[in-house]
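Thank you all for coming; please have the sequence and the model open while I talk.

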Amino acid sequence: MQVIRQLNDVIASFLKRRTRRAQQNGWTLASTIIAIVTITIMLSGTVYASDTVIVVPSRQGGAYQEFIDAFEKSLESGKGSRSLAIRIVESKALTKESYDQLYSKSQLIVTVGTMAAQKVLTLNPTVPVINTLIPRSSYSALVSRNPGGNTSSIYLDQPLDRRIELVGVLLPQKKTIGVVLGPGSGDLQTELKAVAASKGVTVKVETMKANQRLVGPLSRALEDSDAFLAVADPVVSNRRTVQNLLLTSYRQRVPVIAYSRAYVKAGALAAVYSTPDQIGRQTGELVAGLVRNGDWSLPKPQFPKYFSVEVNEEVAQSLGISTPGATDIEARLKRPPGRSR
Amino acid sequence: MAVATEEIFLNDFPVVLSATRLVQARSDAPASITVIDREMIKASGAEEVPDLLRLVPGFQIAHDKQDIWIPDPVGATYHGLSDPYARRIQVLVDGRSVYDPAIGGVRWDQLALEVDDIERIEVIRGPNGAAYGANAFLAAVNIISRHPADVPTVYTKLVSGSSNYVKGVARYSQKSESFDYRFGVSARSDDGLEGEHDSRTMVKSNFRGEYRADNGDILELQFGLSGGPHQAGDVGTDFERDTSSVSNFQQIVWRRAPSADESYQVQYYRSYFSANDRFSITDFPIIDQSMVTERNNVEFQHTKRWGDAVRTVWGLEARQDSSKAPDGWFYGIDQVTNDLYRAFVNAEWRYSPKLVANFGGMFEQNGITGAGFSPRAAINYHLSDQNTLRASASQGLRTPSLFEEHANGRADYLGVTPVYSFVSPGGLEAERITSYEVGFVTRSRNSKLVADVRVYQDYISNLIDYPELPPSLTGPQYTYVNQGEASVSGVELDVNYRPTTSTRLVFAYAYADQSGSYPRYFDGVSSYVVRPTDPATPNHTASLLAIQKLSSDISASVGVYYVGRMGWFNNLSPAPPYLEGEIPEYTKVDFRLAKRLRGRNFKGLVELVGQNLAGSHYDYTSSVEQDRRIYIKLRIGAD
């Protein structure tokens, strides 16, 4: 019974993938045949003859699909002639048993999203795992809770020097940046101060606890600051606090440098961020390299290589800040270090 | 502990700073705007709001004596052209007009607001009728009070100084993600001038609360109450008496932004003032100068952005002003009222990144003067990121106050024979101003220097003034007519410079050349004899506020304020050479030294403030001497 259920899982997820593909390309006889042949091969026990990468998204659709599409595309063009099978297994379909039975024989697992990473890492996988579309703090927390695995990550966060560099490009004469760190971001303090010092600015760091209100630390951080750097900590920035944060800083005419496009739309001055598509592309390239070399040892966790800049021109105008425009800023941030300032 | 997931990066936030909520940058604004911010307010050492306006190019302040009329001894005007009831500037506090319905001008003393409650004052120099309607004639003053989320939870201040000046201020605030409020009370008393019967006590309280709903709607509530007893009348005369006054207001504003590109605002406010001043003098068993005024105002406003280039604000407003003073001011009429309806639209058109045009106009239907229109057109050309050239043309109106239109200051001599101090024939028209301006705004690349220069030419017609009629049995009589005119041209400079992080200089200078004529007295036959208005505007006005941080805890500032020779309309002698009544040029020098106090659970500030240190002067009449004063202030609570 157990085996049949697992098999059902596999077929279901496989068909799901084929169906989606079919929606894009239309059913073809060939794909039907391939599906049948593949299922037949699976049933015949010669499962995973070629290299196999399992992709585990937290959920279906949306950002995860955007990631998968870009991942598949860049992997396809980068892996060369090596044959590779990609299996997509939604995280809720993944169980201890299905992992042991089927996926433990794959070469690599790529998780997409925090929930997927959590699910996979708690299974103590024996294969290497790349966790993507995950905040750096969550990845670190998961790894420390599930040590011993062969894991790496492509963070969703931008490196701090890139974020501070953005402040420098937008506000070249401004020297003091206010920051509020919460429980999930408190350990950034030392690094933040070091990065800021290397860029010639000072950060004014205030911290808050989960049960504390933002208003107090926020007003202290804004006092005498030229800019406010929002960190991706749900205690500091969430749907409830963002209104207060943006209104208060705007009243004090302190521009907010955010970490997402939506935050900029809401009223921050600008953000450097990566889209799921960009992360997917980078992950695809990384995996393609592993495939080409036939070496599955993982590199260290890395920050996004591809990123975008969003600027709220209305906010800039209102604050009397002249910006070089998102495209130009992006180009400046992409310049190799040393030439950028 | 909340674990951050990718959702924090990927999820949508509600739009908070919608394009419609953002205020226009100074370099895109259609007019010259002087901003007095918190740092300047604190550094000035001022305790009274109108004193802050000395920092604005071209402003003059008048301290009158509390003798005969309802005591309210301070006036603030721009380019002179005024008596101490300065009626040619509009003043708004958080969007609420505090322009007095009955007399005109502003009862600064009655504002339920302490300087500690002010975040910023924006002064728009030049007519601004297109946005603010009638009475934003020579200038408009926008006082923006501090948001409850931006003030410390507990704040107290004690001030003690010359003339037995004592003031206590206490404020409490609470903030949360959805509701913030602050509540403040203050009490002040002083002995006034040496040897005069003019001591005052004023108690004030105010409340401002803001509720933010989850859908982004914002509801704001404000209440204020102020009042107290004050002495009036010359010592030893039978005018010597005790009076009292009380004011209150209520304001409610609802704002909604259905999208990033659109917002609505509905506002209602009511303000009320009552003065109690009834006494008797020789031959006059009853002199009753008591007065009640009330304003009810409702306003709707819609702001919308049309693509990247165009932003519009339009709105509708209805107002009723009324006053009851059936004995002293509007004899025999139980209540005088004036209804006002307004429709306005202003558009900002960003034709290219370099060129911004602002067009606007306000149509008004006023119960006294009928229909009127105040248009404005301005073009701002950004020469570079730092420099902007501006040209604008505008027209504005000043509508008569209830008193100017309905004045009937009758008193019965010996309780029987009527004599009149002021009698208006009614049927007055609105004063008109046409103004042309060329301005230049510059901001250094490092933002250390921000400067605004403007050259302007104003033409004013239909100026209302009160010429003297043949005297009655007991004294002078005046009437109101529309027969004055004046033209003013000049240059103004407004500079903010921060050479280092611990030094700031704020400099203002105004040169004004005014000429015109206004009726001074009845020729005894059929017309009024006119006299030049020229002395009513000082040629030069200047101010410098220098702020220096001496250490992390100690800062010092000096304010120097210069006003050239001028005269207030009502004081100027009607006969050649008209110089009598002029006040000589004066320089007011103020100083402040402040030291922060830090304890374990305690933050505070102790301040020493000296005013008029260069010697005494007078700014309205020689009988109200502004002499040297010293104040000590202690603040507890971070500010």
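Predicted model: local features only at pLDDT ≥ 70, side-chain atom pairs only at ≥ 80, totals over all residues.

**A covered helix and its surroundings**

Let me begin with what covers the buried residues of H9 in chain A, which includes strand S6 (176-181), strand S7 (202-207), strand S8 (227-229) and helix H10 (241-251) of chain A, together with strand S9 (165-175) of chain B. Residues are numbered from 1 along each chain as its sequence is written, and chains are lettered from A and ligands numbered from 1 in the order in which they are written.

Helices (H or I, at least four residues) and strands (E, at least two) are DSSP runs, numbered from the N terminus. A residue is called buried if 20 or more other C-beta atoms lie within 10 Å of its own, exposed if 12 or fewer, and partly exposed in between, with C-beta atoms placed from the backbone. By that rule, 6 of the 8 residues of H9(A), which runs over residues 215-222, are buried, namely Val215(A), Pro217(A), Leu218(A), Ser219(A), Ala221(A) and Leu222(A). After H9(A) comes Asp224(A), with a positive phi near 60°.

Now to the two chains: how many residues of chain A are in contact with chain B? Taking contact as C-beta atoms, placed from the backbone, within 7 Å, 47 residues of chain A touch 36 residues of chain B. On the side of chain A that touches chain B, H10(A) gives the most, with 9 residues.

As for chain B itself, it has 5 helices and 38 strands, and 46% of its 639 residues count as buried. Its C-alpha trace spans about 85 × 55 × 45 Å along the principal axes.

Finally, in chain A, helix H3 (residues 62-78) and helix H12 (residues 276-293) pack at an angle of about 35°, with their axes 7 Å apart; axes here are lines fitted to C-alpha atoms, for helices over the stretch in contact, and angles run from 0 to 180 degrees between N-to-C directions. Among the residues of H3(A) that meet H12(A) are Phe67(A) and Phe71(A), and among those on the H12(A) side are Ile279(A) and Val287(A).
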